[in-house]
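Thanks for making the time this morning. Let me put the sequence and the model up, and then I will walk through the parts I looked at.

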Amino acid sequence: MKIDKISLKIIPDSKGKDTLEAEMESDGNTVIASVPAGESTGKNEAKTIPPKQALEKVSWINSQIKNKDFATLDQFDGYLNTLQGANLTVALSMVFTKLLAKQNNMETWELIAKISGSQPALPLCFFNVIEGGVHGGGPSASLRVNLPFQEYWYIPKTNSSKKSLDEVMEVLKLLEGKFSGPMGSEGGYTMQSKNPEDGLKMLQSCTKGGWLGLDCAATQLPEKIDLSFYELITNNYELLAIEDPYPEDDWEGFSQITAALGEKIWIIGDDLTTTNPKIIKLAADKKAINAVIIKPTQIGTVTETIQAANLAKSYGWKIIVANRGEETMDDFIADLAVGLGADAIKSGCPLQKERLVKYERLKEIEKQLLVHG
Ligand code: PGA
Ligand code: ZN
């Protein structure tokens, strides 16, 4: 594909912070993509550059790609790997993927399925409905006694995106009125409590029969959680998954919990693995997890994201495509999740528009999949 023009602009994300939107033109088609950012980032994530600095590079990038013909996403991402700044490269890699799909009269999820060799499938939805940790309540979060864990998920037991969204809206109605604090980063409710189990208790009291799940984001926790606590909540709640139960460098903690609970629930790596194939391999060697978060911004291009997902799948792990703490209206991760045949998607709480668009896109894809058979 010959690219006629790339434009970049700065737009506000869900937190009002500057982020990048890329526009790409080829042969009369134009598409856009915008890039999210992490709040509780892992130390091994690819580094970003200030959006203003990215804007300064755009005319140089245009001059470099002029007259080049990128036949595949892999070729274009190979070029992107010569550039600095994962926010810049992810924006360009996503916009190229969307445009390449359009040029081939395909949906983005279809192209991703083809490139990754996956069977497209609708993911389970991990709805983040109660928030704590560094996501737990506006700019004054540090002054509040947030729930220590970052995310409490409600997980409908269906792969239908429409049914999932309908069900979580009922749960959110039940939860409404029980909370008075500010909304969390991803649009979920927040509560003041030092006891991480309180979020689970609250969610359990409003369930509509789904599973529950947690992102402990333990790198941010002041002290290490005892394995016995995780054993207790696994026995007492209908828990499907726990993400980052230990800090990102506590390999022993991860290996222990996976040995103890890995037969019963998904033990997910996020800050631990940062969508990085080298670290994913290390995690497999250490039997540290049985499931992994996949986020393009952690590694820098769509091609590397697909490689990370495929490697994780080769170990028989569950794959969860996820949003970031600071999101945009871009719905690319819905297509990514379906195209990779991911087991689940985590896109925050549908009460926030930047999260809802991803779930709405899944509903659209659900209809397309019915037509495709
Ligand atoms: P982040 O958090 O985007 O702020 O890193 C999301 C997560 O931990 O899954
Ligand atoms: Zn996480």
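How many salt bridges does the structure hold? The structure holds 21 salt bridges, where a salt bridge is a side-chain nitrogen of Lys or Arg within 4 Å of a carboxyl oxygen of Asp or Glu.

Before going further, a word on conventions: this is a predicted model, in which local features need pLDDT of at least 70 and side-chain atom pairs count only at pLDDT 80 or more, while totals for chains, interfaces and linings use all residues. Residues are numbered from 1 along each chain as its sequence is written, chains are lettered from A and ligands numbered from 1 in the order in which they are written, and side-chain values use heavy atoms, with hydrogens and water left out.

One of those salt bridges joins the side chains of Lys 9 and Glu 21, at 3.7 Å from N to O. That pair links distant parts of the chain, with Lys 9 in strand β1 (residues 5–12) and Glu 21 in strand β2 (residues 18–26), 12 residues apart; strands here are DSSP runs of E, at least two residues long, and helices are runs of H or I of at least four, both numbered from the N terminus.

Turning to the domains, the assignment, which is automatic or from a database, gives domain 1 (5–106) and domain 2 (114–372). Their C-alpha centres lie 25 Å apart, and the contact, meaning heavy atoms within 4.5 Å, takes 33 residues from domain 1 and 32 residues from domain 2.

Between them the two domains bury about 2800 Å², 53% of it on carbon and sulfur atoms, the buried area being the accessible area (1.4 Å probe) lost on putting two parts together, summed over both. On the domain 1 side, Ser 14, Glu 39 and Ser 40 lose the most area to domain 2, together 20% of what that side buries.

Between domain 1 and domain 2 the count is 4 salt bridges. Elsewhere in my notes is the pair Glu 326 and Lys 17, a salt bridge whose closest N and O atoms are 3.0 Å apart.

Finally, the zinc ion (ligand 2) is coordinated by Asp 215 (OD), Glu 243 (OE) and Asp 270 (OD), at 2.0 to 2.2 Å. Donors are N, O and S atoms within 2.8 Å of the metal (3.2 Å for Na, K and Ca), and water is not among the atoms, so sites may look incomplete. Asp 215 lies in strand β7 (residues 211–215) and Glu 243 in strand β8 (residues 239–243), so the pair ties together parts that are 28 residues apart in sequence.
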